[in-house]
Amino acid sequence: MSNDTVSPAVGGGGGFRCTRKLTLAMSCGVIILVIALTVGLCVGLSSDDVIEDPPAFSVDHQANTFLLNGKPFRYVSGSFHYFRALPDAWRSRLRTMRAAGLNALDTYVEWSLHNPHDGEYNWDGIADVVKFLEIAQEEDFYIVLRPGPYICAERDNGGLPHWLFTKYPNIKVRTNDANYIKEVGIWYAELMPRLQHLLIGNGGKIIMVQVENEYGSYYACDHDYLNWLRDETDKYVGNKALLFTVDIPNERMHCGKIDNVFATTDFGIDRINEIDNIWKLLRGVQPTGPLVNSEFYPGWLTHWQEMNQRRDGQEVASALKTILSYNASVNLYMFFGGTNFGFTAGANYDLDGGIGYAADITSYDYDAVMDEAGGVTKKYELVKQVIGEVLDLPEIALNPAKRLAYGKVEMTPTLELLSSEGRAALSTGKPVTADKPKSFEEMDQYSGLLLYETILPSMDLDPTLLQVEELRDRAHVFVDQQLVGTLSREARIYALPLSKGWGSTLQLLVENQGRINYDRANDTKGIFGKVTMLLHNGGALPLDNWTTTAYPLEAYTIEAWRQQPQDAALDPAVSQQRLLRSGPIVYTGSFEVKEVGDTYLNVAGWGKGVAYVNGFNLGRYWPLAGPQITLYVPNELLKVGQNSVVLLEYQRANKTVNGSELPAVQFDAVAQLDGESSEVPQIAKK
């Protein structure tokens, strides 16, 4: 037997060893292949080729529906803006909305609230948007977030900060203007990281995030800007929520459409008979996907000096039912309106057949589904019934606040705004002297009043005509602190006569009545044209060398003054006035509360001004113009015991004649939003 011969025993053993080696070799080969493929995938694929999990919320363009966690989804949402109710009221308002069957909440984020001055940010109290959204999640809402940066919303400047125009006088907002996009980038870097944990893809409930707002109606039609804003928003949102736009259904919808951003539209009951054409317009910019009405209007906005806007509840419910019959998603704007506290109400220009400038009222009741105090209405019940036909109605017990009357409160005249004491207490900063009047924006002043003063030259006409060009918005005109008349942008009155011998100092007290919030985006405030006097030869003499004094009238300034000892009484010739001939007067009063509830400050018989309760600015009042007569006072502002009320009145006290009798206000249990202009005091006897 040669040495090459293998015995069967050895041969069997050799065969086993060879098989094991082959198996090990194959296993090692597979492992090496897997490693090689893995390395190849990691090294060779670009980031665009990485396979990601499907987004939690998306659009199914074949089935024309939303997908939530892979399942078809439709939302019926309601708008509620956190900045229009006090934080302690947020949960009760949201719970009332959820009880109506809504499964989603729609809200704006207001840049100017959170960033009131350049480099200054506010995230507390009524500005705690994160807390608001977290409460909404706890109350079982999905969230449609609308961060702007422009929001309209009948808010001052459409939510854009006034200081943009202080810092960049020639800025072109809502365009690819380098300064504007720089500031939006800074703002989003502050805002968006605070909200990322709330996105649906990160375990939160925000399903949609808006890019711009009704941009199709804006003159610019700047798609470079829109694409930049899309990318800037997407930088924070990614695939963790769906980006979308809203546009009015008309021939300009293409100006608001952004590539790779979901498009929706908006319309109210006045266009429900056009619904098929509206959907056709929407399909013209977005051929597939679910139909969405992002702003279905159950009410409407109201300006001073017009009738309060009302919409029939049955018509609203019927129109809602029609929209839902198309398997559309819908948002009711507003479901709860609330209040434009402080100086936050905006204005419009040439809106709905109106001519020129028109300021929004303080109440944002909007004839919404819920009323201004968060109560249910007949409209609420009708809408709830319709929602219940498409969504399950949760069983939620509601506990609304009581609405209480606290009666008559006498108001003591305490401070003249134009006096040396008034200037020391309520003006801010040093007066600025310049050739021309300084604007609110140049003074970095959000709202309130500016006082412009100059020395009158010798007149060669008696009377002469004072002309103020480009006044924004309203000016009380004084000579040596004696009222000679009122100029008004709303009324388009820009001139009045001055007579020789009236005095030497001309004073123009200019009120910012609210920056325009729609269409126009540069409604700076103050005096921007020439101020002139008519000459005998027909020419016009310019008035220069103006001193500008700022009265921002912020609540903390008013409250700091109120808490100081008030030693000196006003001159009876001033304090007993019915018509305030020597300028605005601050009136103070107090009232006792034994049980806390919602109430309404009735200022019937007063003229025009601003009201504060317990150091909080309720907002502007103007019962002489109407239709709003009462200001909503939330129960969250009140306390058991003594409470304070302050009026800064511009024009007239609630008195029938001059005399020592004190004027009064009244706290009622019922709102008056449908009043008419009247000079007759309507306060009950004590």
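Which strand is V144 found in? V144 is found in strand β6. The legends below describe close-up views of a predicted model.

**View 1. Strand β6 pairs with β5 and with β7.** Strand β6 covers residues 142–146, and four of its five residues are buried. Its pairing with strand β5, residues 104–108, is parallel and runs over five bridges. Within that pairing, R146 of β6 is the bridge partner of Y108. Strand β7, residues 206–210, also pairs with β6 in the parallel sense, here over three bridges. In β7, V209 stands opposite L145.

**View 2. V144 is a buried residue of β6.** The relative accessible area of V144 is 1%. That is under the 20% cut-off, so V144 counts as buried. Leaving out residues up to four places away in sequence, V144 touches Y75, L105, D106, T107, I207, M208 and F244. S644 lies 500 residues from V144 along the chain. The C-alpha atoms of these two residues are separated by 39 Å.

**View 3. E110 is buried in the loop between β5 and α3.** E110 has a relative accessible area of 2%. Its contacts, apart from neighbours within four places in sequence, are Y82, F83, I151, R155 and G159.

**View 4. Helices α2 and α4 pack at an angle of about 40 degrees.** Two packed helices are described by the angle between their axes and by the distance between those axes. For α2 (residues 90–99) and α4, the axes are 10 Å apart. The crossing of α2 past α4 is right-handed. From α2, the residues W90, R91 and L94 take part in the meeting. They meet K131, F132, I135, A136 and E138 in α4.

**View 5. W123 and W187 form a stacked aromatic pair.** A search of the whole structure finds 33 aromatic pairs. In the pair of W123 and W187, the rings are 5.9 Å apart centre to centre, with 5 degrees between the planes. W123 lies in the loop between α3 (111–114) and α4 (129–138), and W187 lies in helix α6 (residues 178–195), so the pair ties together parts that are 64 residues apart in sequence. Both W123 and W187 are buried.

**View 6. Y297 and Y333 form an edge-to-face aromatic pair.** The centres of the two rings are 6.1 Å apart. The planes of Y297 and Y333 stand at 80 degrees to each other. This pair links distant parts of the chain, 36 residues apart. Y297 is in the loop between β10 (292–296) and α10 (313–324). Y333 is in the loop between β11 (329–332) and β12 (347–349). Y297 is buried, at a relative accessible area of 12%. Y333 is buried too, at 3%.

**View 7. Y142 belongs to an aromatic cluster and has a charge over its ring.** The cluster is made up of F57, F66, F73, Y75, Y142 and F262. Over the ring of Y142 sits the charged end of K205, 4.6 Å from the ring centre.

**View 8. The charged end of K608 sits over the ring of W622.** Its distance from the centre of the W622 ring is 4.5 Å.

Technical notes: Residues are numbered from 1 along each chain as its sequence is written. This is a predicted model: local features need pLDDT of at least 70, side-chain atom pairs count only at pLDDT 80 or more; totals for chains, interfaces and linings use all residues. Side-chain values use heavy atoms; hydrogens and water are left out. Buried means under 20% relative accessible area, exposed over 50%, partly exposed in between (1.4 Å probe, protein chains only). Helices (H or I, at least four residues) and strands (E, at least two) are DSSP runs, numbered from the N terminus. Two strands pair if DSSP finds at least two bridges between them. Rings of Phe, Tyr and Trp (its six-membered ring) pair if their centres lie within 6.5 Å; planes under 30 degrees apart count as stacked, over 60 as edge-to-face and the rest as tilted. A charge sits over a ring if NZ of Lys or CZ of Arg is within 6 Å of the ring centre and within 35 degrees of the ring normal. Axes are lines fitted to C-alpha atoms, for helices over the stretch in contact, and angles run from 0 to 180 degrees between N-to-C directions. A crossing is left-handed if the near helix is turned anticlockwise from the far one by less than a right angle, and right-handed if clockwise. Contact means heavy atoms within 4.5 Å.
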